[in-house]
Amino acid sequence: MEICMYRAGEREENEALLESLLLLEERCFSDPWSRGMMQSALADPSVLLLTLCDGEILAGYLMLLTVPPDGEILNLAVMPEYRRQGLADRLFDACLAYCRDVGIEMLFLEVRASNTPAVSLYEKRGFVTVGRRKNYYRYPKEDALVMRLLSE
Ligand SMILES: CC(C)(COP(=O)(O)OP(=O)(O)OC[C@H]1O[C@@H](n2cnc3c(N)ncnc32)[C@H](O)[C@@H]1OP(=O)(O)O)[C@@H](O)C(=O)NCCC(=O)NCCS
């Protein structure tokens, strides 16, 4: 599976990609991004989208907001049937290489406090918890951990 990179402006209108992203959201989150949220992220020139596709199937994606020297991981998800095969690690490798290239020195993200797989992944990649946002998420209501990674 190859990693593809998309940026608004460089990307042709791609209805199939939008539908695949929305399907992946539905399968992966209890409070998935709406079509409007996804469309505005895709139209934002500061947003980088990284995808991993198995043929026609979108197996995983990572969305990064780039505001050098800062960056924020907006979303990361891997289809349930493709998990525990290193796909998120591969998306992270590509994301961190991109951050180095464009001068992003500090990377932030928010994650549900109970999301053990994601928190484990982020800690493995060197993120540390720097804050907690009370009742940040809905469906179900839950705190967010704010995590940060400093470049080496
Ligand atoms: C979190 C998620 C993206 C991980 O994707 P993945 O492709 O299965 O992850 P990988 O196989 O690349 O694993 C990388 C690391 O993540 C951690 N990890 C992944 N799944 C885990 C699990 N079920 N339990 C504990 N740790 C886990 C481990 O540290 C793992 O490293 P290791 O294999 O050396 O132990 C995936 O579970 C997912 O899409 N979850 C639902 C959406 C979500 O919660 N996204 C994060 C929003 S902030």
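Arg-84 is found in the loop between S4 and H3, where helices (H or I, at least four residues) and strands (E, at least two) are DSSP runs numbered from the N terminus. The model is a predicted one, in which local features need pLDDT of at least 70 and side-chain atom pairs count only at pLDDT 80 or more, while totals for chains, interfaces and linings use all residues. Residues are numbered from 1 along each chain as its sequence is written. Although Arg-84 is not a glycine, its phi is positive, at about 60°. Arg-84 counts as exposed because 9 C-beta neighbours lie inside 10 Å; on this scale a residue is buried if 20 or more other C-beta atoms lie within 10 Å of its own, exposed if 12 or fewer, and partly exposed in between, with C-beta atoms placed from the backbone.

Across the whole chain there are 4 helices and 7 strands, and from the N terminus on these elements follow the order β-α-α-β-β-β-α-β-α-β-β. The C-alpha atoms fill a box of roughly 35 × 35 × 30 Å along the principal axes. The radius of gyration of the chain is 15 Å, which agrees with the value near 15 Å that a compact globule of 152 residues would have; the radius is taken over C-alpha atoms, and the globule rule is 2.2 Å times the number of residues to the power 0.38. Of the 152 residues, 25% count as buried. Among contacts with a separation of 6 or more, 57% come from residues 24 or more positions apart, two residues being in contact if their C-beta atoms, placed from the backbone, lie within 7 Å.

When neighbours within four places in sequence are left aside, Leu-62 is in contact with Leu-50, Ile-73, Leu-76, Leu-91 and Cys-95.

Strand S7 (residues 142–150) is paired with S6 in the antiparallel sense over 6 bridges, two strands being taken to pair if DSSP finds at least two bridges between them. In this pairing Val-128 stands opposite Arg-148 in S7. S7 is also joined to S5 by 7 bridges, again in an antiparallel arrangement, and here Arg-112 has Ala-144 in S7 as its bridge partner. Strand S6 (residues 128–137) is hardly covered, since 0 of its 10 residues count as buried.

The hairpin of S6 and S7 has 4 residues between the strands, and within it Tyr-139 takes a positive phi near 50°. With 9 C-beta neighbours inside 10 Å, Tyr-139 counts as exposed. The peptide bond that leads from Tyr-139 to Pro-140 is cis, with omega near -5°, and Pro-140 likewise belongs to the loop between S6 and S7. A further cis peptide bond, with omega near 10°, runs from Pro-68 to Pro-69, and Pro-69 lies in the loop between strand S3 (57–67) and S4.

The ligand is surrounded by 19 residues, the closest being Arg-83, Ala-88, Pro-117, Ser-120 and Leu-121; a residue is near a molecule if its C-beta atom, placed from the backbone, lies within 6 Å of it. Strand S4 (70–78), helix H3 (87–102) and helix H4 (116–124) each supply at least two residues of this shell, and H4 gives the most, with 6 residues. By type, the shell divides into 10 nonpolar, 5 polar and 4 charged residues, where Ala, Val, Leu, Ile, Met, Phe, Trp, Tyr, Cys and Pro count as nonpolar, Asp, Glu, Lys and Arg as charged, and the others, Gly among them, as polar.
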